[in-house]
Amino acid sequence: MTATPPLPCIAIAGPTASGKTAGALALAAVLAQRGQRAEIVSVDSALVYRGMDIGTAKPTAEERAAVPHHLIDIRDPLQAYSAAEFVQDTTRLVAEIRARGALPLLVGGTMLYFKALEGGIDDMPSAQPAVRAAIEARAAAQGWPALHAELARVDPATAARLAPGDSQRIQRALEVWEISGRPLSSFHTTKTRAASAGLVSAGGFFSLEPSDRAWLHERIAQRFDAMLAAGFIDEVRALRARGDLHPDLPSMRCVGYRQAWEVLDAQAATGTALDQDGLRERGISATRQLAKRQITWLRSMPERHAIACDAPAATAQLLQAALRHLDAARP
């Protein structure tokens, strides 16, 4: 007796503001009409954090009620979430979703996560809070440029690609050195194949990419304005008021949050009015830079099926391509 092959797994990637969530929800609705349930696994390093809803453009309660979503609101902003944890969680979730007879949809814009799913991850040591705290204490006393110089002595290859003020990456590189006695750069040559390799079925990786960057830039501006109108600044104020968060945490380095934190710091230091226009300009600029990096990542993925997200019928094209792929994959 021939075993039934597992349900396909579809991925929908793209830069921020390209319409990934809308496309995934539309696909799930069409599948439901065909009698096939779908569940969405978020591929987004910012959506994992609780209390960060507006600035991450988190799916609404209505959207999450319409289609089950996973890997959203699973971490406090004080906690880290690694690509290795993402691969482990996603591999488990896809198996569980398939066991329920539903179709897994991997949707998001954190390209490192997509790369880790398919190509494996560097087998580096896990974080150790005590070592990290000691590094932070040295940084507080000496400054991050001094620790960058320290890193240059033990791991010149990594130091050469990091800015002296890149506290998060300098900290991690020194942490790896102190835990393992090996430079971070040495791990990049010993990448292990992910158990999740091949999780997304061949031909099932779809990418929403703009043919005209100006279209995406306008969407980014509109989205940031909508976030400001929805109370984004108050959201960041509430995070700051907790008292245990700081701007070097991965959560607070997310695009938009980092810029808002800096503007609020400036307001507190000078006692002047909040520079909302300056925040808007810096936030939109940073988001455009993020989108540019995401598109660069995507173009290095030859297995993707690119769809012009600025085309009038972009959603229809995505649905047509995805459904054609699913029909071809049926036994």
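# Helix packing and an annotated loop

E218 sits in helix 10 (residues 213–230); helices here are DSSP runs of H or I with at least four residues, strands are E runs with at least two, and both are numbered from the N terminus. This is a predicted model, where local features need pLDDT of at least 70 and side-chain atom pairs count only at pLDDT 80 or more, while totals for chains, interfaces and linings use all residues. Residues are numbered from 1 along each chain as its sequence is written, and side-chain values use heavy atoms, with hydrogens and water left out.

- With a relative accessibility of 44%, E218 comes out as partly exposed (buried is under 20% relative accessible area, exposed is over 50%, partly exposed is in between, with a 1.4 Å probe and protein chains only).

**The annotated stretch**

- T16 is in the loop between strand 1 and helix 1, and at 13% relative accessibility T16 is buried.
- Beyond its neighbours within four places in sequence, T16 contacts L216, I220, R223, T287, A291 and Q294 (contact means heavy atoms within 4.5 Å).
- A17 belongs to the loop between strand 1 (10–13) and helix 1 (20–33); A17 is buried, at 3% relative accessible area.
- Setting aside neighbours within four places, A17 is in contact with W215, L216, R219, I220 and R223.
- S18 is another residue of the loop between strand 1 and helix 1, and S18 is buried at 4%.
- Apart from neighbours within four places in sequence, S18 meets L208, W215, L216, R219 and C309.
- A polar atom of the S18 side chain lies 2.7 Å from the backbone oxygen of P15 (a polar contact is a pair of N or O atoms within 3.5 Å; within protein, one must be able to donate a hydrogen and the other to accept it, and residues adjacent in sequence count only if both atoms are side-chain atoms).
- K20 is part of helix 1 and, with 12% relative accessibility, is buried.
- The backbone oxygen of P15 also turns up 2.9 Å from a polar atom of the K20 side chain.
- Not counting residues up to four places away, K20 touches I12, A13, G14, P15, V107, G108, G109 and L208.

**Helix 4 and helix 13**

- Helix 4 (residues 111–119) packs on helix 13 (residues 276–299) at an angle of about 20°, with axes 10 Å apart (axes are lines fitted to C-alpha atoms, for helices over the stretch in contact, and angles run from 0 to 180 degrees between N-to-C directions).
- That makes helix 4 roughly parallel to helix 13 (under 35 degrees is roughly parallel, over 145 roughly antiparallel, 65 to 115 roughly perpendicular, and the rest oblique).
- M111, L112 and K115 of helix 4 make the contact with Q294, W297 and L298 of helix 13.
- By class, the residues of this contact are 4 nonpolar, 1 polar and 1 charged (Ala, Val, Leu, Ile, Met, Phe, Trp, Tyr, Cys and Pro are nonpolar; Asp, Glu, Lys and Arg are charged; the others, Gly among them, are polar).
- Buried residues in helix 4 include M111, Y113, F114, A116 and L117, and their cover includes strand 1, helix 3 (83–99), strand 4 (103–108), strand 5 (205–209) and helix 13.

**Helix 5 and helix 6**

- Helix 5 (residues 129–142) meets helix 6 (residues 144–154) at an angle of about 120°, with axes 7 Å apart.
- That puts helix 5 oblique to helix 6.
- On the helix 5 side are I135, R138, A139 and Q142, and on the helix 6 side W144, A146, L147 and E150.
- The residues of the helix 5 and helix 6 contact divide into 5 nonpolar, 1 polar and 2 charged.

- H148 is located in helix 6 and is buried at 13% relative accessible area.
- A polar atom of the H148 side chain is 3.0 Å from the backbone oxygen of A159.
- Not counting residues up to four places away, H148 touches A159, L162, A163, P164 and I170.
- A173, in helix 8 (residues 167–180), is buried at 1%.
- Leaving out neighbours within four places, A173 contacts L151, T158 and L184.
- A173 and D155 are 18 residues apart in sequence, and their C-alpha atoms are 8.1 Å apart.
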